[in-house]
Amino acid sequence: MSLVHLANACSHLQNASLARLGLTSLPRTNQLHTLLLQMQKFGYVNNVTIGGPAPPPPSGIAPVLSTNPAARGDVSSHVAPRAINTSQPPAPGEAESRDGDGVTQANISSRRLWIGLKYRNQTPVLEKMQLVSKPTRRVWMGVPQLEGLVRGEQQGYVRGLRAVGGGDVC
Amino acid sequence: MKASSLVRATAAGPPKPYICRPCQRRFLHATKARRGDDDERSPRPPANPISIAGVNMGTSLQPNPSQPSVPALPPTTTDPNEITAADFKSYTPAELSQLRQHYTPAQMRAILASERAVSPHDLATQTKFRTNDPWAIDYATDFAHHHPVLDKPLRAPDSHHDPTQRFKTSEEIKDDVADFITTLPDEPTGKEFLDWRDNRARLMVGKEEAERDPIHYMSPEIPKGIPGLADRARKKNKTPIADPTSSSGQPQRQEEEVTPALARLMKQTGLTSLEIKKFRTKLLVSHRVVNQTRLGKIQSLYYLAVAGSPSRGLLGIGEGKSTEANDARQQAIYAAIRNLTPIPRYEYRTIFGDVKGKVGGVELELFNRPPGFGIRCQHLIHEMCRCCGISDMAARVGRSRNKMNTVKAAMQALLGQRLPEEVSKGLGRKLVDARKVFYGGNV
């Protein structure tokens, strides 16, 4: 498994956080997509959306409920337009979409992952992200070792998670 | 702890007391250890055979014809740790009939039930003397009785404390004696006096139980929950003790001279001089510094001080520089007090997670540690921990170990702690302190 894309994603997300960007993008690969969905689940990023070279519209990234109670009944106001679009039949010549992400055979090469970064009190929630297993020193771990790591114990070369918010094992 | 008396009795010969089986083992051991230490003591027959914990006799014992109801202990030459299950035999019909003479049917049923409940194998394997482990005791006991010298003191309840207790004056004692004499019967015997002296006469004024059964003063602790005591302590602190030298009888507080620097500090911080005095301060770094001018070298003294409040978790560092040492010291201490900031402390004793700090070439790491670990840090960080009330912490100072930068980096690290609440809010996830959950919030 190549770690190049992962390493690049780590650096890129750190740099984007330091630059206080609200939205950034990464190549759409299944590996990065899985990783970022896990990070979203654990609260390190706001949202992960698949889009094209240009960022998706705000409504497609973070659909929000209207503050007007009357308007909440209107589905189109708080559902991503993409979701509405995918309900329509695909355009002629375009392959069927996969997973409802709007990814087709024609546009798959140009798809990117759009990631909403999180900040709190002017500090990024995702401060540091780095590879533990590197091409020069691969690290493999089973569940018992990961449990020890989470408890703060050193496992081989890997130091335990001893800082508050010092990381998660997804 | 009647073990010693029993041991003496068994060592001296018959009559032998009843001893439960597990105790036999202990007494055996003790008998061996103490044999010959006080043989002159007359053996004391047991007044009540069931006064000793347990009632059962080991039936491996040889029945003593002269004392049919009191069988002897096993031969004392046997090593107590070599007794096997086979040594504990069940009662013979003859022994049972002997026991029936002593015990009621209900007691007999209890004896036989307990006999069935404890297996000889357990007795042989689980009642060994602990000799090689750190918690082995060096005296023989079955723990059935309390020994005030060897064991933890038994405390009378706190209500037996009377803070107003005092000795009677000679007048009051005279009155007591007079009362006693007036209540004497017409034909007094010595008994009345003995009874009065032992049971009725009192030397103290106050609660009777405070005199007869006082709380233990060998290792006293301030009793809690006594009405009036807390008020007395508070009053005592509030009203200063009158100075006997003052002619007017008014308490005179020594007025501290408020220097301009102190006045400025008081104004800036809004603290009184007494509050300022209460902070814990320590001068950590001092050295000479030199400014080279065209007129020559001008020498000054540099001081770095820390101030803090262990109870409130405050810490501040301050620097002072002056040609006068006293002035520089004072500047440093006052600057430290001015810079006091709260330090987050986990359970008021350690830090939240491991933190890093870097100032100049000093790169240090502070590690949180479990309760009772202590402050295992180098001296500068140790003093800082003492000032802000951290009691469990470790530290590693890497690269440079410059004193001034070490203090500054430690301060930076202490202030750079990430708090679980903040992390939790940032992640939008609920974080739970497993320690608090485990101990039900009692930590």
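User: Where do I start with chain B? How many helices and strands does chain B have?

Analyst: Start with the elements. Chain B has 16 helices and ten strands. Keep in mind that the model is predicted.

User: What share of chain B is buried?

Analyst: Buried residues account for 33% of the 443 residues in chain B. Chain B has an accessible surface of about 27,900 Å². Carbon and sulfur atoms hold 54% of that surface.

User: What share of the contacts in chain B joins residues 24 or more positions apart?

Analyst: Take the contacts with a separation of 6 or more. In chain B, 65% of them join residues 24 or more positions apart.

User: Now the two chains together. How many residues of chain B are in contact with chain A?

Analyst: Count both sides. On chain B there are 18 residues in contact, and they meet 15 residues of chain A. The area buried between the two chains is about 1,300 Å². Carbon and sulfur atoms give 44% of that area.

User: How do I read a pocket?

Analyst: Begin with the general idea. Rolling a probe the size of a water molecule over the atoms shows where empty space is left. In this model, the second largest pocket holds about 1,400 Å³ of space. Its lining has 40 residues. Closest to the centre are Ala163(A), Val164(A), Val432(B), Asp433(B) and Ala434(B).

User: Which helix of chain B gives the most to that lining?

Analyst: Helix 15 does, with five residues. Helix 15 spans 420-427, and helix 16 spans 434-438; each supplies at least two residues of the lining. By class, the lining has 19 nonpolar, eight polar and 13 charged residues.

User: Backbone angles next. Which residue of chain A has a positive phi without being glycine?

Analyst: Look at Arg20(A), whose phi is near 60°. Arg20(A) sits in the loop between helix 1 (4-18) and strand 1 (23-27) of chain A. Arg20(A) has a relative accessible area of 42%, so it is partly exposed.

User: What is the phi of Tyr348(B)?

Analyst: Phi of Tyr348(B) is near 60° as well, again positive in a residue other than glycine. Its loop runs between strand 6 (341-342) and strand 7 (355-359) of chain B.

User: Why does Tyr348(B) count as exposed?

Analyst: Check its accessibility against the cut-off. Exposed means over 50%. Tyr348(B) counts as exposed because its relative accessibility is 65%.

User: Where does Gln378(B) lie?

Analyst: Gln378(B) is in the loop between strand 9 (375-376) and helix 13 (379-388) of chain B. Its relative accessibility is 25%, so Gln378(B) is partly exposed. Now compare sequence with space. Gln378(B) and Arg396(B) are 18 residues apart in sequence, and their C-alpha atoms are 8.2 Å apart. Beyond its neighbours within four places in sequence, Gln378(B) is in contact with Val397(B) and Thr406(B).

User: Is Ser300(B) buried or exposed?

Analyst: Ser300(B) is buried, because its relative accessibility is 14% and buried means under 20%. Ser300(B) belongs to strand 4 (residues 296-309) of chain B.

Technical notes
Residues numbered from 1 in each chain as written. Chains lettered and ligands numbered in written order. Predicted model: local features only at pLDDT ≥ 70, side-chain atom pairs only at ≥ 80, totals over all residues. Heavy atoms only, no water. Helix = DSSP H or I, 4+ residues; strand = E, 2+ residues; numbered from the N terminus. Buried < 20%, exposed > 50% of the residue type's maximum accessible area, 1.4 Å probe, protein only. Contact = heavy atoms within 4.5 Å. Areas by Shrake-Rupley, 256 points an atom, 1.4 Å probe, with all protein chains shown as cover. 1 Å grid on protein atoms, 1.4 Å probe; cavity = no way out; pocket = protein on both sides within 12 Å on 5 of 7 lines; lining within 4 Å. Points joined across faces, edges and corners; volume = space filled by probe spheres on them. Nonpolar A, V, L, I, M, F, W, Y, C, P; charged D, E, K, R; others polar. Buried area = accessible area lost by both parts, 1.4 Å probe.
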